[in-house]
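Let me put the structure up, and then I'll walk you through the contacts, the strands, the charged pairs and the core.

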Amino acid sequence: REAIRINPKYAGMWINLGEAGMTVMDLAAHGPAEAAGLKVGDVIIAIDGTAVLTRSLSDVRRSLKIAPVGRAITVTYSRGGASNITQVVPGNLITE
């Protein structure tokens, strides 16, 4: 499957659709997702309480892309079989 790039200007992560959720493929150094503790290989299960696999990929991409800068997004993810929850706070990573 092709990796889906989420706008690093806001979320700071790149994801790929998987069977159990969306796998974090890469992170922007010092970006919001990395600051929230996400790591490459984590599997995102839900965003703001909604399972990612119940939504279309384009809907998930859109929700992350248009999330207001500074408004926390609750991300439920799996790492090593354990479920975890973190808050990703989108920020403007690109200087104009």
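This is a predicted model: local features need pLDDT of at least 70, side-chain atom pairs count only at pLDDT 80 or more; totals for chains, interfaces and linings use all residues.

So, let's start with contacts across the chain: taking those between residues at least 6 apart in sequence, 41% join residues at least 24 apart.

Now the layout. The protein chain has two helices and seven strands, and if you read along the sequence you get β-β-β-α-β-β-α-β-β. Of its 96 residues, 43% count as buried. The accessible surface comes to about 5200 Å², and 52% of that belongs to carbon and sulfur atoms.

Strand 6, residues 73-79, pairs with strand 4, residues 43-47, in the antiparallel sense over four bridges. Strand 6 also pairs with strand 7, residues 82-88, again antiparallel, this time over seven bridges. Valine 75 is the bridge partner of isoleucine 47, and over in strand 7 valine 75 has threonine 86 as its bridge partner. Strands 6 and 7 form a hairpin with two residues between them, and glycine 80 in that turn has a positive phi of about 60°.

Okay, charged pairs. How many salt bridges does the count come to? Three.

One of them joins the side chains of arginine 79 and aspartate 42, at 2.7 Å, N to O. That pair links distant parts of the chain: arginine 79 sits in strand 6, aspartate 42 sits in the loop between helix 1 (32-35) and strand 4, and they are 37 residues apart. Is aspartate 42 buried or exposed? With a relative accessible area of 2%, aspartate 42 is buried, because the cut-off is under 20%. Arginine 79, at 32%, is partly exposed.

Another salt bridge is between arginine 71 and aspartate 48, 3.1 Å, N to O. This one links distant parts of the chain too, with 23 residues separating the partners: arginine 71 is in the loop between helix 2 (57-65) and strand 6, and aspartate 48 is in the loop between strand 4 and strand 5 (50-51). Arginine 71 is partly exposed at 38% relative accessibility, and aspartate 48 is partly exposed at 37%.

Then there's arginine 55 with aspartate 59, 2.8 Å, N to O. Here arginine 55 counts as buried, at 18% relative accessibility, while aspartate 59 is partly exposed at 32%.

Last stop, the core. In soluble globular proteins, nonpolar side chains tend to be buried together. Which residues touch the most other members of the largest nonpolar core here? The core has 19 residues, and the ones to look at are Met13, Leu38, Ile44 and Ile47. Strand 2 (13-17), strand 3 (22-27), strand 4, helix 2 and strand 6 are the elements that each give two or more residues to this core.

Let me zoom in on leucine 38. Leaving aside neighbours within four places in sequence, leucine 38 is in contact with Met13, Leu27, Ala33, Val75, Tyr77, Arg79, Thr86 and Val88.

Terms used
Residues are numbered from 1 along each chain as its sequence is written. Side-chain values use heavy atoms; hydrogens and water are left out. Two strands pair if DSSP finds at least two bridges between them. A salt bridge is a side-chain nitrogen of Lys or Arg within 4 Å of a carboxyl oxygen of Asp or Glu. Buried means under 20% relative accessible area, exposed over 50%, partly exposed in between (1.4 Å probe, protein chains only). A nonpolar core is a set of buried Ala, Val, Leu, Ile, Met, Phe, Trp, Tyr and Cys residues joined through side-chain atoms within 4.5 Å. Contact means heavy atoms within 4.5 Å. Accessible areas come from the Shrake-Rupley method with a 1.4 Å probe; for residues, only the protein chains shown count as cover.
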